[in-house]
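Here is a short report on one protein chain.

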Amino acid sequence: MSRILAFAGSNSSTSINYKLVQFTTSLIKDHEVDLINMVAYNFPVFSEDLEREKGYSDLLKGLKDKIVQANALIISVNEHNSNPSAYFKNVLDWLSRVDRNFLADAKILLMSCSGGRRGGIGSLEVVKGMLPRFGGEIIATFSLPSFNHTFDKAKGITEPELAEDHKKALEIFLSQI
């Protein structure tokens, strides 16, 4: 049994990416899953001056420890102007300063979703290129477009082809952890 840490790369209290992560983790049966809401993880904008003056917060070190203790991660990233949100980029900046290889040997299911037809694919592609620099291995990806039309809180992903793509990505991920 593997330990999976799951979260969205968003600090929005109404994050659709967090809803996608919640749904995804509800489908996992034979692994220990720790689902965290990043709303509780607020960090100042990274700067070398702040790092030098204040060091690393206990909250940041705790998040890094959760990541390091996990065998695998499920992350769904939001998108702002075809890129990851400033919030998520800032989290990565802080984590990489605490430990450059904070994702060492972590297997990752990387997802994205948005209200638009591209499904946050711009952000997903940027983050897909970033995470291996910190030691992570992207096992599978999934993007859900038009979230408000393709997702229902009670039913999950309502578009059959997208539901099948999600299922396959999750199966591939789970088979390799």
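In helix α3, the buried residues are Leu-60, Leu-63, Lys-64 and Ile-67. They sit on the same side of α3, because the arc they cover around the axis is only 100 degrees. That arc is taken from the directions from the helix axis to the C-beta atoms. Buried means under 20% relative accessible area, exposed means over 50%, and partly exposed lies in between (1.4 Å probe, protein chains only). Helices (H or I, at least four residues) and strands (E, at least two) are DSSP runs, numbered from the N terminus.

This is a predicted model: local features need pLDDT of at least 70, side-chain atom pairs count only at pLDDT 80 or more, and totals for chains, interfaces and linings use all residues. Residues are numbered from 1 along each chain as its sequence is written, and side-chain values use heavy atoms, with hydrogens and water left out.

**Helix α3 and its partners**

What do the buried residues of α3 pack against? They pack against β1, β3 and α4. Contact here means heavy atoms within 4.5 Å. The length of α3 also agrees with expectation, because its 12 residues should span 16 Å at 1.5 Å a residue and its end C-alpha atoms are 16 Å apart. The expected span is 1.5 Å times one less than the number of residues.

**The nonpolar cores**

A nonpolar core is a set of buried Ala, Val, Leu, Ile, Met, Phe, Trp, Tyr and Cys residues joined through side-chain atoms within 4.5 Å. The largest one has 29 residues. Within it, Leu-63, Leu-73, Ile-75 and Leu-103 touch the most other members. At least two residues of this core come from each of β1 (3-8), α3 (58-69), β3, α4, β4 and α5. Helix α4 gives the largest share, 6 residues.

Ile-75 contacts Phe-7, Phe-88, Ile-108, Leu-109, Leu-110, Met-111 and Leu-131, leaving aside neighbours within four places in sequence. A second, separate core has 22 residues. Leu-109, Ala-140, Ile-157 and Phe-173 are among them.

**Helix α5**

Helix α5 covers residues 121-130. Its buried residues are Gly-122, Ser-123, Leu-124, Val-127 and Met-130. Their cover includes β3 (72-77), α4 (86-98), β4 (107-113) and β5 (137-144).

Ser-123 counts as buried because its relative accessibility is 0%. Apart from neighbours within four places in sequence, Ser-123 contacts Val-77, Asn-78, Glu-79, Ser-82, Asn-83 and Pro-84.

**Two loop residues with positive phi**

Ser-82 lies in the loop between β3 and α4. Its phi is positive, about 70 degrees, although Ser-82 is not a glycine. Ser-82 is partly exposed, with a relative accessible area of 37%.

Asp-105 lies in the loop between α4 and β4. It is not a glycine either, yet its phi is positive at about 65 degrees. Asp-105 counts as exposed, because its relative accessibility is 69%.

**Salt bridges**

Side chains of opposite charge can pair when their charged atoms come close. A salt bridge is a side-chain nitrogen of Lys or Arg within 4 Å of a carboxyl oxygen of Asp or Glu. How many are there by this rule? The count comes to 8 salt bridges. The table gives some of them.

| Pair | N to O distance |
|---|---|
| Asp-34 and Lys-66 | 3.4 Å |
| Glu-51 and Arg-97 | 2.7 Å |
| Lys-61 and Asp-58 | 3.7 Å |

Asp-34 is in strand β2 (residues 32-35) and Lys-66 is in helix α3, so this pair ties together parts 32 residues apart in sequence. Asp-34 is partly exposed at 28% relative accessible area. Lys-66 is partly exposed at 29%.

Glu-51 is in helix α2 and Arg-97 is in helix α4, so this pair ties together parts 46 residues apart in sequence. Is Glu-51 buried or exposed? Glu-51 counts as buried, because its relative accessibility is 12%. Arg-97 counts as partly exposed at 37%. Not counting residues up to four places away in sequence, Glu-51 touches Phe-46, Tyr-56, Trp-94 and Arg-97.

Lys-61 and Asp-58 both lie in α3, 3 residues apart, about one turn of the helix. Lys-61 is partly exposed at 35% relative accessible area, whereas Asp-58 is exposed at 64%.

**Record annotation**

Over residues 3-134, the chain is 40% helix and 17% strand. The end C-alpha atoms of that stretch are 19 Å apart.
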